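Please keep the sequence and the structure in view while reading.

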Amino acid sequence: STSTSTTLTTTPCPAVPAGAAVFLNFESVSGTTVTNQGTSNVAVSLQAGATISSGLFNNAVSIATTSSYVRLGTATTGFPLAANWTISAWAYNILSASNYRTLTRGMNGDHPELV
């Protein structure tokens, strides 16, 4: 008989970049509260059915419905961005090519960034 073996290699989550105001690796989650490892004290929470699942690097957030999201800040404060900012995300199986998802938006639904 012939046997085969498979070796799985895991890649550690990247380190927090210097000066990152918000850094989420979704490893430290308590209920719907996500630990922000960045330099700001902004609250981060899973909303409307967003859950934690397996991701490319350890855990990820799963946005399973059109109303699920991750909130930075509170419903009344949001998270103020500087004039220049960068967001980095890895998305998998979001929708067919004829649809889109909102990656970010302003507190009042303005200034959406679509993917």
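## Polar contacts of S40

In this predicted model, a polar atom of the S40 side chain lies 2.7 Å from the backbone oxygen of A21, and the side chain of S40 also makes a polar contact with the side chain of N36, at 3.2 Å. S40 itself is found in the loop that runs between β2 (33-34) and β3 (44-47).

Is S40 buried or exposed? With a relative accessible area of 19%, S40 counts as buried, because the cut-off for that class is under 20%.

## The largest nonpolar core

The largest nonpolar core has 6 residues, namely F26, V34, V42, V44, L46 and A50. Within this set, V34 touches F26, V44 and L46, and its contacts also include L24, S28 and V29, residues up to four places away in sequence not being counted.

L56, F57, W90 and Y92 make a nonpolar surface patch of about 490 Å². One of these residues, L56, has its place in the loop between β4 (51-54) and β5 (59-62). L56 has a relative accessible area of 48% and is therefore classed as partly exposed, since the exposed class requires over 50%.

Technical notes
Residues numbered from 1 in each chain as written. Predicted model: local features only at pLDDT ≥ 70, side-chain atom pairs only at ≥ 80, totals over all residues. Heavy atoms only, no water. Patch = residues over 30% accessible without salt bridge, like charges linked within 9 Å, V, L, I, M, F, W, Y side chains within 5 Å. Areas by Shrake-Rupley, 256 points an atom, 1.4 Å probe, with all protein chains shown as cover. Salt bridge = Lys/Arg side-chain N within 4 Å of Asp/Glu carboxyl O. Helix = DSSP H or I, 4+ residues; strand = E, 2+ residues; numbered from the N terminus. Buried < 20%, exposed > 50% of the residue type's maximum accessible area, 1.4 Å probe, protein only. Polar contact = N/O pair within 3.5 Å; in protein donor to acceptor, adjacent residues only side chain to side chain. Core = buried A, V, L, I, M, F, W, Y, C linked by side-chain atoms within 4.5 Å. Contact = heavy atoms within 4.5 Å.
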